[in-house]
Amino acid sequence: MRQCGDCQLCCKLLPVSSLGKGAGVRCRYQKTGKGCLVYHKAGMPTECALWTCRWLVNNHTADLSRPDRSHYVLDVVPDHITMLNNETGAREAVQAVQIWVDPSFPNAHRDPALRRYLERRAEENIVGLVRWDDQRGAVIFPPALSADRRWHEVESNLSGKAHSLDETVAALGGEVINVVMAD
C-alpha cells in the first residue's frame, strides 16, 4: 500500500475553497517536514479530509512516480470538458482526469509514464485536464481520441472554478446521489 511519505504536493497544488486557497498556492497550514497542522483536527476542511490522490490509491498508476517526484498530482475527483462540434453545433461532455501540475515545473505533464496512463484512459474516452492554477489549463487528447492519431494539447483559460462532482456526474449522464455523513 502506498503512503504519502514526505510528499505534500497536494497541499500546494489543489484549491481549498473553504480556506480561500487557490490552486498552485501553498496552504498556510502545510509545514515542510511536518505536514498539515490541522489534518485530523476539529475544523479541518471537509475537502481535505475526504480527498486523496490517484497515486495513493494506485488507480491505474502503478508506473507513475510519487507526486513530489513527478511534479504533478492526479485527482481522484473527475471533471469534464464540453466539446463543440463546429459542423453541427452539438455539445458533448467528455470526462477528464484532473492533473494538477506544479507551476514551477510547467512541462511535467509531458512525463512519458503519464502519457502512457492517459493512453490507457483514452480507451475509456477520458481526456487529461492539466491545471497549473485557477486560471490556466490545457486539455490533453491522446492519439486514440484524435482524428490524426497524434497527441494534442489545447491550452485554455479556465473559468476560474472547477466543476463540482454533481455537475460532472450530471453532464456525463449519471445520477447525482446525495450522501450525508454523520459526525
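Me: Which helix is S70 found in?
Reply: This is a predicted model with residues numbered from 1 along each chain as its sequence is written; local features need pLDDT of at least 70, side-chain atom pairs count only at pLDDT 80 or more, and totals for chains, interfaces and linings use all residues. Side-chain values use heavy atoms, with hydrogens and water left out. Helices are DSSP runs of H or I with at least four residues, and strands are E runs of at least two, numbered from the N terminus. S70 is found in helix α4.

Me: Does S70 count as buried or exposed?
Reply: Buried means under 20% relative accessible area, exposed over 50%, and partly exposed in between (1.4 Å probe, protein chains only). S70 has 9% relative accessibility, so the residue counts as buried.

Me: Which backbone oxygen does the side chain of S70 reach?
Reply: A polar contact is an N or O pair within 3.5 Å; within protein, one atom must be able to donate a hydrogen and the other to accept it, and residues adjacent in sequence count only through side-chain atoms on both sides. For the side chain of S70, the distance is 3.4 Å.

Me: Not counting residues up to four places away in sequence, which residues does S70 touch?
Reply: Touching here is contact, meaning heavy atoms within 4.5 Å. With residues up to four places away in sequence left out, S70 touches S65 and A108.

Me: Which element gives the most to the lining of the largest cavity?
Reply: A cavity is a set of points on a 1 Å grid over the protein atoms alone where a 1.4 Å probe fits but cannot get out, and lining residues have an atom within 4 Å of a point. W55, L64, S65, P67, S70, Y72, V73 and L74 do the lining. Both α4 (67–70) and β3 (72–74) supply at least two residues. With 3 residues, the one that gives the most is β3.

Me: Which elements do the buried residues of α5 pack against?
Reply: Helix α5 spans residues 112–122, and its buried residues are A113, L114, R115, Y117, L118, R121 and A122. They pack against α3 (54–57), β3, β5 (91–101), β6 (127–131), β7 (136–141) and β8 (152–157).

Me: How many disulfides does the count come to?
Reply: A disulfide is a pair of cysteine sulfur atoms within 2.5 Å. The closest cysteine sulfur to that of C4 is in C10, 6.3 Å away, which means too far for a bond. C10 is in no disulfide either, as its nearest cysteine sulfur, that of C11, is 4.3 Å away. The count comes to 0.

Me: What is the phi of R149, which is not a glycine?
Reply: Most residues other than glycine have a negative phi. R149 sits in the loop between β7 and β8, and its 55% relative accessibility makes it exposed. Its phi is positive, at about 65 degrees for N125 and, for R149 itself, about 60 degrees.

How values were computed: On a 1 Å grid over the protein atoms alone, a cavity is a set of points where a 1.4 Å probe fits but cannot get out, and a pocket is an open set with protein on both sides within 12 Å along at least five of seven lines; lining residues have an atom within 4 Å of a point.
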